[in-house]
Amino acid sequence: MLDRPEAGMVGYDSKADARSNSKLEVAVAGSVSGFVTRALISPLDVIKIRFQLQLERVCPSDPDAKYHGIFQAAKQIIQEEGPRAFWKGHVPAQILSIGYGAVQFLAFEELTVLLYQANLYQTHQFSAHFVCGGLSAGTATLTVHPVDVLRTRLAAQGEPNLREAIITMYRTEGPFVFYKGLTPTVIAIFPYAGLQFCYRSLKRTYDWVMPPDRKQTGNLKNLLCGCGSGVISKTLTYPLDLFKNHLQVRGFEYARSAFGQVRSYRGLLDLARQVLQHEDTRGFFKGLSPSLMKAALSTGFMFFWYELFCNLFHCIRREDR
């Protein structure tokens, strides 16, 4: 019988002993890490979405721009909508995070086991974690994408509440509205999540770079390496994330008229063409600053809380023996 992953370690480790976390513990740890992380980074997510959907340049030199900087946007949102606006769409966002975290981490753990059983990869390899991370995120994305559409629309300002948003969207745009933006999401999610799960490779690099007597605590290492993997993955796949959010609010322009210009798109290619035509290549990276801050914190916290709760479950189980 194969050994199971070491408690608190992301991915299968053939050298670990049998003190592994159960599937339920992995799913719960993934859900809780997603829940806590979402609550902490929601304000940055709202600002990122507002920046992405603003057609005017995000800079002070554009007089028509509603938002032109992170701190200015935060101040204006508080003045116009109150602090609660930073958690607009938080209910579907939490449903998204809880479901996504559970499916992603559970699928990742099981996929790394299957790869090891099939003798396709050594489970510590960069390639193994890239492939399994991409596949697990793809599975999670298909599962929770309708909730992601709801989250984007509520954060973008318009739909008054979750129940009314669901009813209005279904009646006016049909059932496929809940899968708007799926194409760029699916294209982006494999490399994005695959690079995120190279987090374990960053941990090994960290151990190699830092002399033993200067190593930080394990929790800090998890946080720093998670932040690093988040920044790398988000930077390389950012334009597709921007396209996704634009397509998710397609047909929803009437609710965004108070936020500046609106523009209609026939699809992904037409969207890319119009962004390039009106905003040049810089338009593909609009809102990158808050997005990178969000990516660093969300990925760092995700792995930090996941490993923390996996280790906690292991300690509880060991004390019960």
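This is a predicted model: local features need pLDDT of at least 70, side-chain atom pairs count only at pLDDT 80 or more; totals for chains, interfaces and linings use all residues.

Biologist: What share of the residues is buried?

Modeller: Of the 321 residues in the chain, 54% are buried, while the chain exposes about 15,000 Å², with carbon and sulfur atoms supplying 63% of that area. Among contacts with a separation of 6 or more, 75% are between residues 24 or more positions apart.

Biologist: How far apart are the end C-alpha atoms of helix H5, and what span should its residues give?

Modeller: Helix H5 covers residues 162–173, twelve residues that at 1.5 Å a residue should span 16 Å, and its end C-alpha atoms are 16 Å apart, which agrees. After H5 comes Gly174, which has a positive phi, near 85 degrees.

Biologist: How should I describe two helices that pack together?

Modeller: In general, one gives the angle between the two axes and the distance between them. Here, helix H1 (residues 23–53) packs with helix H2 (residues 70–81) at about 100 degrees, with the axes 11 Å apart. Because an angle of 65 to 115 degrees counts as roughly perpendicular, H1 is roughly perpendicular to H2.

Biologist: Which residues of H1 and H2 meet?

Modeller: From H1 come Ile47, Arg50 and Phe51, and they meet Ile70, Ala73, Ala74, Ile77 and Glu81 of H2. The residues of this contact comprise six nonpolar, no polar and two charged.

Notes. Residues are numbered from 1 along each chain as its sequence is written. Side-chain values use heavy atoms; hydrogens and water are left out. Buried means under 20% relative accessible area, exposed over 50%, partly exposed in between (1.4 Å probe, protein chains only). Contact means heavy atoms within 4.5 Å. Accessible areas come from the Shrake-Rupley method with a 1.4 Å probe; for residues, only the protein chains shown count as cover. Helices (H or I, at least four residues) and strands (E, at least two) are DSSP runs, numbered from the N terminus. The expected span of a helix is 1.5 Å times one less than its number of residues. Axes are lines fitted to C-alpha atoms, for helices over the stretch in contact, and angles run from 0 to 180 degrees between N-to-C directions. Angles under 35 degrees count as roughly parallel, over 145 as roughly antiparallel, 65 to 115 as roughly perpendicular and the rest as oblique. Ala, Val, Leu, Ile, Met, Phe, Trp, Tyr, Cys and Pro count as nonpolar, Asp, Glu, Lys and Arg as charged, and the others, Gly among them, as polar.
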